[in-house]
Amino acid sequence: MAPKKVAPGLSMTGTKAKIVYEPKGVSLIISPWNYPFNLAIEPLISALSAGCPVILKPSELSPHTSGLIQNMVEEIFDPSEVRVFNGDAEVAKKLLELPFDHIFFTGSPTVGKLVMEAASKNLSSVTLELGGKSPTIIHSDADLNDAAFKIIYGKFLNCGQTCIAPDYLLVQKDIKDQLLMELKVAIQKMYDPQYKGIEKSADLARVINLKHFNRLYSLLEDSKSKGAKVEFGGNSNLETLYIEPTLISNITEDMAIAEEEIFGPLLPILSYSTIDEAISLINNKPKPLALYYFGEESDTYKKVIHETSSGNVVFNDCVLHFLHPNLPFGGVNNSGIGKSHGYYGYLSFSNEKGVLKQRVGFNNSTLMKPPYDKKTQKIISTLIKWL
């Protein structure tokens, strides 16, 4: 948080310069329902660390947590520092009409566009943590047992309702069958080790509400009607909003599941022959929030880093980067704008103000002032050439 001195360089010899961090100002945080406490409180900490007062709008789809947050904030903070506004989308819409200095939104790309449009009317800066279809590449030299357990954990954590969950797998063709077997074993060991039925597992969450259940059920039925094969799972229970961890193969681009962010316990499996083919498939979609790669060949994963664009990349694991306190977290373009977490969250709510101090009298700019005679022009030409 301390002012940061910066070197003058040759062109600014004789000056002193620093970066001073100041609060952007009154900020709006709109948080989602899938991790309702973490994704509300973490940006709140970032805003307060930068010195910004906050209006916080939690999700109406997780009312118990939103109520807890409101009670906690009212107990801890003065109303001039933090206020919580609970309510539905109309409350969020009214808040977005106000001239906030900064808006921090976590949610879908579709709603993110509406937030950005509203912010533009007041020229409010934004941090948008969105989502998209995060791919997972499994190369032929990967440890398939290790990869399967990490993928299953990352995908079915919170019933797949995680913005950085693996959205689909890209598996090299010659290991597809073996990986499928390992994925099935991993599901069984995590969610039904005693063979009593996955639905009875206390470790598998449920879909948030009926609307999202119906959306996921429609994605599955649409895929099946167009030739997709359910390799594992597929069962559901409308009354309890249960959808079994489901592995799906034979995916084609005309299926809705190939285009929409899934955000649920459905895992499409596609195959590829060469890494160039996998990279091409990824680059034909909007830039994802995360990209995962399992394999050991350094040349191959370096190629993936340099020839794809995503918010973050993780090798030989999934979702783990979210927990790293010193990494910036966020997307790029369709998957998000700006970064958060730790120092990067502090920067999101800060104005990095440049401050320059010039000495009195003769200085580095004296020689560049009018009149522009031949001598002055020669000095300027020399400066342009060398600086």
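Let's start at E221: at 29% relative accessibility, this residue counts as partly exposed. This is a predicted model, by the way. E221 forms a salt bridge with K224, and the closest N and O atoms are 3.3 Å apart. Both residues lie in helix α7, residues 210-225. They are three residues apart, about one turn of the helix. K224 is partly exposed as well, at 40% relative accessibility.

Next, another pair within a helix. D146 and K150 meet through their side chains in a salt bridge, 2.8 Å from N to O. The helix here is α5, and the two are four residues apart, again about one turn. D146 has a relative accessible area of 29%, so it is partly exposed. K150 has 23%, so it is partly exposed too.

Now, which residue pairs with K133 in a salt bridge? It is D167, with the closest N and O atoms 2.4 Å apart. This pair links distant parts of the chain, 34 residues apart. K133 sits in the loop between β7 (125-129) and β8 (135-138), and D167 in the loop between α5 and β9. Buried or exposed? K133 is buried, with a relative accessible area of 10%. D167 is buried too, at 2%.

In total, the structure holds nine salt bridges. D276, K303 and E307 are linked in a network of them.

The largest nonpolar core has 38 residues. I138, I151, I164, L169 and L183 touch the most other members. Several elements supply at least two residues each, including α5 (144-156), β9 (168-172) and α6 (176-191). Take I164. Leaving aside neighbours within four places in sequence, I164 is in contact with L289, A290, Y292, V319, H321, F322 and F329.

You will find N34 in the loop between β3 (27-30) and α1 (38-50). At 9% relative accessible area, under the 20% cut-off, N34 is buried. A polar atom of the N34 side chain lies 3.1 Å from the backbone oxygen of Q161. Beyond its neighbours within four places in sequence, N34 is in contact with L39, N158, Q161, T162, C163 and F263.

Last, the surface. L10, W386 and L387 make a nonpolar patch of about 420 Å². L10 is in the loop between β1 (4-6) and β2 (16-23). At 68% relative accessibility, L10 counts as exposed.

Technical notes. Residues numbered from 1 in each chain as written. Predicted model: local features only at pLDDT ≥ 70, side-chain atom pairs only at ≥ 80, totals over all residues. Heavy atoms only, no water. Core = buried A, V, L, I, M, F, W, Y, C linked by side-chain atoms within 4.5 Å. Buried < 20%, exposed > 50% of the residue type's maximum accessible area, 1.4 Å probe, protein only. Contact = heavy atoms within 4.5 Å. Patch = residues over 30% accessible without salt bridge, like charges linked within 9 Å, V, L, I, M, F, W, Y side chains within 5 Å. Areas by Shrake-Rupley, 256 points an atom, 1.4 Å probe, with all protein chains shown as cover. Salt bridge = Lys/Arg side-chain N within 4 Å of Asp/Glu carboxyl O. Polar contact = N/O pair within 3.5 Å; in protein donor to acceptor, adjacent residues only side chain to side chain.
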